[in-house]
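Visitor: Please take me through this model by question and answer. Where do we begin?

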Amino acid sequence: MPPTSAGNPVGSHPRQPGKVARRAAAVALLLAAAVGCGDAGGLEGAGATQTAVGPARLWPELTPASSPAFEIGEVNTEVVKGVKVPGDDIRRVDPVGVVRAEIDASPGDYDGDKAPYRDTNSRMTDCGKGPEHGRCPVLRPYYRDLTGDGRDDLTLGFRLLPGKTTAVRVYTVEEHRLVRVMAWEDALSGVELAGRSLVIRSPSEVAGYEYRLQWTWDRDQRAMLLTQDEMLRTGPRKHSRYPSAPPSASPSLSPSASTG
């Protein structure tokens, strides 16, 4: 929606008093006609509206914190070593090679009988023909310009086996190098690309709800930042005698994406 100035959208014509007066007169005539015709079609009240309640600031005497209590890695970027980008074209990068580079960089997670993702490592031998062939844990890559530089970026996923989680990564090209700008692992119920954002939906332990997390490209941090973290209802709503606050509106997200 464009910004407004004095109640009018930028670029629109100013309101004309003559037209407003004519419309008001027409409305008055219609209301008078409705009253003269009796109760049929008359205006009816919608009932009492709820009283607006403003925000209440709690514990104002507390000193505002100046640093975070926990390190959660809001800015998650890393140059992928050992992977070249021919012609700075990310579509020419081998997705299987990208996953192999991550496995090589974290051998404790993938190598050995007790490694948490040992089966991912063993099944990489099935990736000779590319992602999603045989038992290859690498999923089909998706390409879209998420950084706004006019070039495609790479969204990649691979299964973390023998568990039920999936790794989701976003890569871009900077100074002829492949750079990971987003990383997340979770049990997935859906992944979507929308504009400059990537949205991950995951099941919740609360029946009838799911988690919805959205990462959006931030040009100052040169990374995909976690910009929304929500818990949303997915199942039917149970009737209650207690009123609840109306849900906040969120933009619809298109699942469409260009594939390689």
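Visitor: Where is the place of Arg 222?

Guide: Strands here are DSSP runs of E with at least two residues, helices are runs of H or I with at least four, and both are numbered from the N terminus. β11 covers 223-233. The place of Arg 222 is in the loop between β10 and β11.

Visitor: What pLDDT do local features need in this model?

Guide: Residues are numbered from 1 along each chain as its sequence is written, and side-chain values use heavy atoms, with hydrogens and water left out. This is a predicted model: totals for chains, interfaces and linings use all residues, side-chain atom pairs count only at pLDDT 80 or more, and local features need pLDDT of at least 70.

Visitor: Does Arg 222 count as buried, partly exposed or exposed, and what is its phi?

Guide: Buried means under 20% relative accessible area, exposed over 50%, and partly exposed in between, with a 1.4 Å probe and protein chains only. Arg 222 has 41% relative accessibility, so it counts as partly exposed. Most residues other than glycine have a negative phi. Arg 222 is not a glycine, yet its phi is positive, at about 55 degrees.

Visitor: What is the phi of Glu 132?

Guide: Glu 132 sits in the loop between α4 (118-123) and β4 (142-144). Its phi is positive, although the residue is not glycine, and lies near 65 degrees.

Visitor: Which two residues does a cis peptide bond join?

Guide: Most peptide bonds are trans. Here one is cis, with omega of about 15 degrees. Its proline is in the loop between β5 and β6. The bond joins Leu 161 and Pro 162.

Visitor: How many helices and strands are in the chain?

Guide: The chain has 260 residues, of which 27% count as buried. Its secondary structure comprises 4 helices and 12 strands.

Visitor: How far apart in space are Val 93 and Leu 178?

Guide: Val 93 is in the loop between β3 and α2, and it counts as buried because its relative accessibility is 3%. Contact means heavy atoms within 4.5 Å; beyond four places in sequence, Val 93 touches Val 83, Lys 84, Val 85, Val 98, Tyr 143 and Leu 178. Val 93 and Leu 178 are 85 residues apart in sequence, but their C-alpha atoms are separated by 8.8 Å.

Visitor: How many residues of strand β9 are buried?

Guide: Strand β9 spans residues 197-203. It is largely enclosed by the rest of the structure, since the buried residues number 5 of the 7.

Visitor: Over how many bridges do β9 and β10 pair?

Guide: Two strands pair if DSSP finds at least two bridges between them. β9 is antiparallel to β8 (residues 190-194), over 5 bridges, with Glu 192 opposite Val 199. Against β10, Arg 201 stands opposite Arg 212. β9 and β10 (residues 209-218) also pair in the antiparallel sense, and the count is 7 bridges.

Visitor: Which glycine in the hairpin of β9 and β10 takes a positive phi?

Guide: The hairpin of β8 and β9 has 2 residues between its strands, and Gly 195 in that turn has a positive phi of about 60 degrees. The hairpin of β9 and β10 has 5 residues between the strands. There, a positive phi near 85 degrees belongs to Gly 208.

Visitor: What is the relative accessible area of Ser 202?

Guide: Ser 202 is in strand β9. Neighbours within four places aside, it contacts Asp 186, Ala 187, Leu 188, Ser 189, Glu 210 and Tyr 211. Ser 202 is buried, because its relative accessible area is 1%.
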